[in-house]
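Please have a look at it before I go on.

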Amino acid sequence: MKEFPLVTIGVSAFNRKELLRSCLESLLKQSYKNIEIIVVDDGSSDGTAEMMSAEFPQIKYIYQENSGDAAAKNHAARAGKGDYIVFNDSDDLFFPDAVEKLVNALPDKPDACSYGTYQTIDAEGNDVPTKGKVDVYPSGKITGELIRHILVNNCGTLIPRQLFLDKGGFNTALKVSYDYDFFLRLSLESEFYAVQKPVFKRRRHDSNMSSASYEKLSVTASVVTNFVNDYPELNSVFGDIIVDRVADFHNKLRRAALAEGLGEKAVYHAQEAQRLAPSVKNALRLAEAKLKK
C-alpha cells in the first residue's frame with residue numbers, strides 16, 4: 001500500500017441541496033489531505049448544480065439523468081482516480097479524521113478494505129442514541145458476522161477502487177441494500193478491517209432511504225437469501241447463523257406487515273419464523289398475527 005494513497009470520496013445526491021452543503025463542508029475538513037471529492041447528481045431539480053458551481057467550484061461535479069443511488073455511486077467510482085474509494089451520502093457527515101482513520105486501519109494487503117461505525121443524528125444534526133450491532137467490530141474474514149448483522153455500510157467503507165470496479169460495483173437493480181449485497185459477496189474474497197469508533201454521522205429523517213418498511217425489509221431479506229442460495233457451501237460453515245438470520249428477518253417482516261395492515265403476509269412470516277426457529281415466543285407471535293389478520 002502507498003504510504004498516502006489517493007482516496008476518492010464519492011457523494012451521490014438527489015434533491016438534497018441544503019444537506020449536501022453540510023456534507024461537503026465536512027469532507028473539506030478532512031485531516032487526511034490526499035483526497036478528491038466527486039459529487040454525482042442523480043437528476044436533481046432543486047438548484048444543486050447552481051450551488052455546486054457557486055459554492056464548491058473546487059469539487060468535481062457530474063450530472064446524470066435519474067438512475068438511482070447505486071448507479072450514481074458507480075459513476076463516481078468510474079470517474080475517480082483514487083487508489084481507494086469511500087462513499088458518503090448527501091445527508092450524512094464525515095468526522096474530520098474519518099479518512100485518516102480508515103487509511104490507517106488498512107493492512108499491507110492489496111485487496112483489503114476498512115470500515116467504520118457511525119453516530120446517528122436527527123434531521124437537524126443533533127446526536128441521538130446509537131445502538132451498536134456488536135461490542136467489538138470484527139476484522140479479517142467477516143462473512144459470518146456480515147450474514148448475522150449489517151456491519152459494513154456504503155458510507156464509511158474504504159475499498160480499493162479498481163477492485164470495486166472489477167467486481168462490477170453496486171447492483172443497480174436494487175434500490176436499497178445494494179451495499180449489503182456487494183459487501184457480502186466481496187467478503188468471500190477480501191478482508192475487512194474495522195475502525196472501532198464512529199467515522200461518520202448517519203442522519204435519520206422522513207425521506208431517508210434506509211427507513212424501515214415492509215417493501216425495503218423484503219429487499220434486504222432477499223439479499224441474504226439470494227446470497228446463501230448462490231453459495232450453498234456456506235451452509236456447512238454458517239448454517240446456524242443463516243437459519244437464525246432468516247428467522248429474524250421473518251419476524252421483522254411480520255412486524256412491518258402488521259404495521260402496514262398486511263395480515264396475510266404477517267401470518268406467513270410468523271409461520272416461517274416458527275418453522276425455522278420453533279419457540280414459545282414465536283408461537284405467541286404466530287397466534288397474534290392470526291388474531292390481527
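Which residues do ring pairs link into a cluster? They are Phe87, Phe164, Phe170, Tyr178, Phe182, Phe183 and Phe192. Before the details, a word on the basis: this is a predicted model, in which local features need pLDDT of at least 70 and side-chain atom pairs count only at pLDDT 80 or more, while totals for chains, interfaces and linings use all residues. Residues are numbered from 1 along each chain as its sequence is written, and side-chain values use heavy atoms, with hydrogens and water left out.

Rings of Phe, Tyr and Trp (its six-membered ring) pair if their centres lie within 6.5 Å, and planes under 30 degrees apart count as stacked, over 60 as edge-to-face and the rest as tilted. By this rule there are twelve aromatic pairs. One of them joins tyrosine 115 and tyrosine 137, edge-to-face, at 6.4 Å centre to centre with 70° between the planes. Both of these tyrosines are buried, where buried means under 20% relative accessible area, exposed over 50% and partly exposed in between, with a 1.4 Å probe and protein chains only.

Phenylalanine 183 and phenylalanine 192 also form an edge-to-face pair, 5.9 Å centre to centre and with 90° between the planes. Phenylalanine 183 counts as buried because its relative accessible area is 0%, and phenylalanine 192 is buried at 0% as well.

Finally, let me turn to charges over rings, which require NZ of Lys or CZ of Arg within 6 Å of the ring centre and within 35 degrees of the ring normal. Arginine 202 lies over the face of tyrosine 118, 4.8 Å from the ring centre, and the charged end of lysine 252 sits over the ring of phenylalanine 249, at 5.6 Å from its centre.
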